[in-house]
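Please take a look at the model below. The notes that follow walk through a few of its residues, its ligand site and its confidence scores.

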Amino acid sequence: MSDSSSTVIVDLPEPRLSGTQSLEETLTSRRSVREFTDEPLSESDIGQLLWAAQGVTDPAGLRTSASAGALYPLEMYVVGSTGLYHFEPARHKLSRCNEQDLRPAIHRTALDQDSLIEAPAVFVITAVFARTQSKYGPRGRRYVHMEAGHAAQNLLLQAAALNLGGVVIGAFNDVELHEILGLPNNEAPLYLLPVGHPQSPY
Ligand SMILES: Cc1cc2nc3c(=O)[nH]c(=O)nc-3n(C[C@H](O)[C@H](O)[C@H](O)COP(=O)(O)O)c2cc1C
């Protein structure tokens, strides 16, 4: 990420640590949502969703999602109309990596799935496999994929608890998406999560 626009830093509001919906209600209400209204996500919602996926919840740096050996191979990004932003869990901040709206390009490389162009925000989970494989060898690859599932589920459950909706998307061209996002060579895109206000409440 060597774009000069990366100097733009967004201080996210502190994550809320309580809510109005029980875990059981949230689990029951989670459904894949692929159609959204035009309403944007607030910074508070974006911060809350990123915190649910990878937020720091312990002075030792431990996070909301489990991680093999606490090595934290995952990186989180959010794409919207004002660009591509990288989440920094320790500081709970975003840094801008690209000023362009990358959603049309992401849409194209993910089989033209319309949820990706309709959603006001597309979250991206990427991974640096070497962080985990340096300790666990080839088996570490499996752990990283498991962790992406944990983080994605946390994000979707948080979305449901905020009366937002989203879906996990695994169908995209790996090489093209890597290029579109401008990721470093050692980082791979794993999951896309378009999120927004559901068109019809569920
Ligand atoms: C690994 C994985 C990949 C998926 N990829 C896509 C996808 O590319 N596009 C999509 O619309 N949904 C995708 N889904 C969502 C499933 O279609 C959805 O979870 C399933 O239909 C069950 O519905 P529910 O999530 O509402 O319970 C994916 C789900 C998983 C777990």
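Gly-149 is partly exposed, with a relative accessible area of 31%; on this scale buried is under 20%, exposed is over 50% and partly exposed lies in between, using a 1.4 Å probe and protein chains only. The residue sits in helix α6, which covers residues 139–161. Helices here are DSSP runs of H or I with at least four residues, strands are runs of E with at least two, and both are numbered from the N terminus. Gly-149 and Leu-94 are separated by 55 residues in sequence and by 22 Å in space, C-alpha to C-alpha.

A word on the ground rules: this is a predicted model, local features need pLDDT of at least 70, side-chain atom pairs count only at pLDDT 80 or more, and totals for chains, interfaces and linings use all residues. Residues are numbered from 1 along each chain as its sequence is written, and side-chain values use heavy atoms, with hydrogens and water left out.

**The ligand site**

Which residues are around the ligand? They are Arg-30, Arg-31, Ser-32, Arg-34, Gln-113, Val-167, Val-168, Ile-169, Gly-170, Ala-171 and Tyr-191, where a residue qualifies if one of its heavy atoms lies within 4 Å of the molecule. By class, this shell holds 5 nonpolar, 3 polar and 3 charged residues. For that tally, Ala, Val, Leu, Ile, Met, Phe, Trp, Tyr, Cys and Pro are nonpolar, Asp, Glu, Lys and Arg are charged, and the others, Gly among them, are polar.

| Side chain | Ligand atom | Distance |
|---|---|---|
| Arg-31 | oxygen | 2.7 Å |
| Arg-34 | oxygen | 2.7 Å |
| Gln-113 | nitrogen | 2.7 Å |

Taken alone, the ligand exposes 620 Å², and the protein buries 54% of that; the areas come from the Shrake-Rupley method with a 1.4 Å probe.

His-107 belongs to helix α3 (residues 103–109) and counts as buried, at 13% relative accessibility. Not counting residues up to four places away in sequence, His-107 touches Asp-112, Gln-113, Asp-114, Leu-116 and Ile-117, with contact meaning heavy atoms within 4.5 Å. So Gln-113, whose polar side-chain atom lies 2.7 Å from a ligand nitrogen, is also among the residues that His-107 touches, given that contact means heavy atoms within 4.5 Å.

His-92 lies in the loop between β3 (83–88) and β4 (93–98). Is His-92 buried or exposed? At 9% relative accessibility, it counts as buried. The side chain of His-92 reaches the backbone oxygen of Pro-13 at 3.1 Å. Beyond its neighbours within four places in sequence, His-92 is in contact with Leu-12, Pro-13, Pro-15, Gly-47, Trp-51 and Phe-87.

**Positive phi angles**

Asp-112 has a phi near 55°, a positive value in a residue other than glycine. Asp-112 is in the loop between α3 and α4 (115–118) and is partly exposed, at 45% relative accessible area. Asn-163 also has a positive phi, near 60°. Its place is the loop between α6 and β6 (165–166), and Asn-163 is exposed, with a relative accessible area of 58%.

**Confidence**

The chain averages a pLDDT of 95, and 96% of the residues score at least 70; pLDDT is the predictor's confidence in each residue, from 0 to 100. Over residues 1–6 pLDDT stays under 50, and the model has 15 contacts for them beyond four places in sequence.

Notes
Polar contact = N/O pair within 3.5 Å; in protein donor to acceptor, adjacent residues only side chain to side chain.
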